[in-house]
Amino acid sequence: MKVIVIGPKGKMGKLITQVAAEREDLELTAGVGPKGRDYIGTDLGTVAMVGRELGVPVTDDLESVIDNCDVIIDFSTKEMAMDVLEQAVAHGKALVCGTTGFTEEEIQKFKEAAEKIPMLYAANTSKMVNVMNKLLETVVSILKDDVDIEILEMHDQWKKDVPSGTSREMGEIMANAMGKEIGDIAVYGREKGESPRVPGTIGYHSLRAGNIPSSHTVFFGGMGERLEITHHSYNWECFARGACDCAAYLADKPAGFYTIQDVLGFKKADS
C-alpha cells in the first residue's frame with residue numbers, strides 16, 4: 001500500500017510516519033502539510049524525525065501527489081480534513097481519517113464519500129480502546145437500565161473538541177445497546193445548584209490539563225456496587241500503530257464505510 005500522510009509534523013502525523021516507515025506492507029510516497037509552513041519541500045523522513053531521509057517530499061499541495069498513492073492517512077484538523085476528503089473522492093483514493101470534532105453534517109459527508117471510495121473513519125485507532133468499546137457494549141446489553149452510566153475523559157490542555165471523539169463514540173455504542181440515540185440521552189456536566197440525575201441518561205465529564213495524552217473511564221453505578229472500565233494511553237504510539245493497521249486493511253477493499261471494528265474483526269454483541 002502506497003501511503004500519503006497528512007500533517008506529518010503534527011503529534012499524530014509524525015508518529016504515523018515513523019510507524020509506517022518501519023512496516024514492510026506500507027510505502028510512504030509523500031507528506032502533506034498546511035500551506036506556508038517552513039518545512040514544505042523538505043524530505044518526509046526529516047520532517048517526521050524518522051532518523052533517516054525517506055526520499056519522498058513534504059508538499060502543501062495534495063493534488064500534486066495524490067495520484068501516486070493507494071491510501072491517505074489524515075489526523076490533521078477538521079478544516080483540512082474536509083479538503084482531503086474532497087480530493088480523495090475526486091481521485092478515487094482510500095482514506096483513513098482519525099480527526100475528530102466534526103458536526104453530524106460533516107460526518108454524513110464521510111458516509112456519502114463511502115459510496116465512491118473505501119472510507120475508514122475512527123475516532124480512536126487504539127486496539128485496546130476498541131476492545132474497551134466491545135466490553136461497554138456487552139455490559140450495557142446485559143445490565144440495561146439497572147445501572148447509571150457516567151463517562152469521564154481526560155486530555156491535554158490543547159485538546160479542542162469536547163467531549164472527546166472517543167468518549168462520544170463510547171456513548172453512541174452504549175446508547176445503541178440501550179436502543180436509544182445518544183443525542184436524546186446525553187448530559188454534559190452538571191451546573192451548580194440542584195441537578196438530580198435523570199434515569200436512563202449518559203453523563204459526560206471532560207478534564208483538560210497539562211500534557212495528559214488520553215484517559216477514558218466509564219462508570220456503571222448500581223445499588224451497592226460499581227463497575228469501572230478504564231483505558232489510559234501513555235503516549236500516542238498506540239493510535240499511530242492502529243492507524244497504520246487501518247490503512248493496510250483497506251488494501252483491495254471496495255468502496256464502503258469501514259470502522260476499526262472491521263479491522264479487528266469484531267461483531268456486534270447479541271441484544
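1. Arg52 and Glu22 form a salt bridge whose closest N and O atoms are 3.2 Å apart; the term denotes a side-chain nitrogen of Lys or Arg within 4 Å of a carboxyl oxygen of Asp or Glu. The pair links distant parts of the chain, 30 residues apart: Arg52 belongs to the loop between α2 (44-47) and β3 (58-59), and Glu22 to the loop between α1 (11-21) and β2 (27-32). Helices (H or I, at least four residues) and strands (E, at least two) are DSSP runs, numbered from the N terminus. Arg52 is partly exposed at 40% relative accessibility, whereas Glu22 is exposed at 56%. Here buried means under 20% relative accessible area, exposed over 50%, and partly exposed in between (1.4 Å probe, protein chains only).

2. On the basis of these values: this is a predicted model, in which local features need pLDDT of at least 70 and side-chain atom pairs count only at pLDDT 80 or more, while totals for chains, interfaces and linings use all residues. Residues are numbered from 1 along each chain as its sequence is written, and side-chain values use heavy atoms, with hydrogens and water left out.

3. A search of the whole structure finds 14 salt bridges. In one of them, Arg190 meets Glu150, with the closest N and O atoms 2.9 Å apart. Arg190 lies in the loop between β8 (186-188) and β9 (202-208) and Glu150 in strand β7 (residues 148-155), so this pair ties together parts 40 residues apart in sequence. Arg190 is partly exposed, with a relative accessible area of 36%, but Glu150 is buried, at 14%.

4. A further salt bridge joins the side chains of Glu237 and Arg241 (2.8 Å, N to O). Both residues lie in helix α8 (residues 237-249); because they are four residues apart, about one helical turn separates them. Glu237 has a relative accessibility of 34% and is partly exposed, and Arg241 is partly exposed at 45%.

5. Seven strands form an open sheet in the order β3-β2-β1-β4-β5-β6-β12, with parallel pairing; two strands pair if DSSP finds at least two bridges between them. The edge strands, β3 and β12 (256-258), each pair on one side only. Strand β1 (residues 2-6) pairs with β2 in the parallel sense over five bridges, and Ile4 stands opposite Ala30 in β2.
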